[in-house]
Amino acid sequence: MATKVAGGKDGQKKPASAATNLIAGGGAGMMEALVCHPLDTIKVRMQLSKRGRVPGQAKRGFIRTGVEIVQKETALGLYKGLGAVLTGIVPKMAIRFTSFEWYKQLLANKETGVVSGQALFLAGLSAGVTEAVAVVTPMEVIKIRLQAQHHSMADPLDVPKYRNAAHALYTVVKEEGFGALYRGVSLTALRQGSNQAVNFTAYTYFKEWLYQYQPEYIGGNLPSYQTTLIGLVSGAMGPLSNAPIDTIKTRLQKMKAEPGTSALQRITKIAGEMFKQEGFHAFYKGITPRIMRVAPGQAVTFTVYEYLKEKLEKSGPSVVTGGRYEE
């Protein structure tokens, strides 16, 4: 299968402009964060936990981890770090969808306008790396610092080191320097790049197959339940392909820098200690809540994005239209 990108002469479906991606992508991202953030908090706690290989300490699954958070920190504890996510979600989604379309058109065959499967994969990979460098890495550092705190949200006397996203940002930069916000950027770029490469490629293929079997929908949107289903399946593929990268990244971003050691040395040390002390399974800690968060998260994102994009394009303002292309 290949996707054809046209130059605007055939009256086909228009690509989303930057303004549309900002509004539709931002709205989709906010909905996804509100629905799925508790699972992300559970995932982070599981990845940071070193239980399971210590004698006398039982392994702690995602349900037990979630229950303990609620019991000790109240239900609001599941939403720690949400402020950092919401702050970065609008530019993140705008960059993701806009850069994907830009890379896709850049990689299209200059003569035929066809985007091959390989080009589609590279466009998704490049979009993921772009969002990781521009927005995701600093957002993840602040989010993880907040999520790693075990204070009770109900006790006003239990004052954490980081009170909120803005305070965490200020404290991290003050104590560790601006560079601390980009700790783990290589792993984040690798995770986001592989995620979006797999995600966009699978989603585009699934969507094309559904259009082939349902030609009456060509030129418009698929039914929402179908968009949700293919978003769910494509969203689950990324976490399965890069779970070890995400676990090492989480531990790296939680810790402070060690003077005299490079990022590669810290990554190697973390990976070595994890394997030696906790076993190979440690690299897949948090995989269940991560899939449970990312898969429905992508389903929500694609469904809301397609819905809002269609509404914006039907509203008519020229600000939300761009060049033309055909899928």
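I began with the aromatic rings, and the count came to 12 aromatic pairs. My rule was that rings of Phe, Tyr and Trp (its six-membered ring) pair if their centres lie within 6.5 Å, with planes under 30 degrees apart called stacked, over 60 edge-to-face and the rest tilted. A note on provenance: this is a predicted model, where local features need pLDDT of at least 70 and side-chain atom pairs count only at pLDDT 80 or more, while totals for chains, interfaces and linings use all residues. Residues are numbered from 1 along each chain as its sequence is written, and side-chain values use heavy atoms, with hydrogens and water left out.

**Ring pairs**

I looked up Phe 97 and Phe 302 and found an edge-to-face pair, 6.2 Å centre to centre with 85 degrees between the planes. Phe 97 lies in helix H3 and Phe 302 in helix H9, so this pair ties together parts 205 residues apart in sequence. Helices here are DSSP runs of H or I with at least four residues, strands are E runs of at least two, and both are numbered from the N terminus.

Buried or exposed, I asked of Phe 97? Phe 97 is buried, at 5% relative accessibility, and Phe 302 is buried at 2%. Buried means under 20% relative accessible area, exposed over 50%, and partly exposed in between (1.4 Å probe, protein chains only).

Next I checked Tyr 205 and Trp 209: their ring centres are 6.0 Å apart and their planes at 75 degrees, so I logged this pair as edge-to-face. Both residues lie in helix H6, 4 residues apart, about one turn of the helix. Trp 209 is partly exposed, at 41% relative accessibility.

I also traced a cluster in which ring pairs link Phe 97, Phe 100, Phe 200, Tyr 203, Phe 302 and Tyr 305.

**The core**

The largest nonpolar core has 26 residues, and Phe 97, Phe 100, Phe 200, Phe 302 and Tyr 305 are among those with the most contacts inside it. I built cores from buried Ala, Val, Leu, Ile, Met, Phe, Trp, Tyr and Cys residues joined through side-chain atoms within 4.5 Å. H3 gives the largest share of this core, 7 residues.

Leaving aside neighbours within four places in sequence, Phe 200 is in contact (heavy atoms within 4.5 Å) with residues including Phe 97, Phe 100, Leu 120 and Phe 302.

**Helix H3**

Last, I noted that H3 bends by about 40 degrees at Ile 89, with Pro 91 following within four residues. The bend is the angle between axes fitted to the seven residues ending at a residue and the seven starting there.
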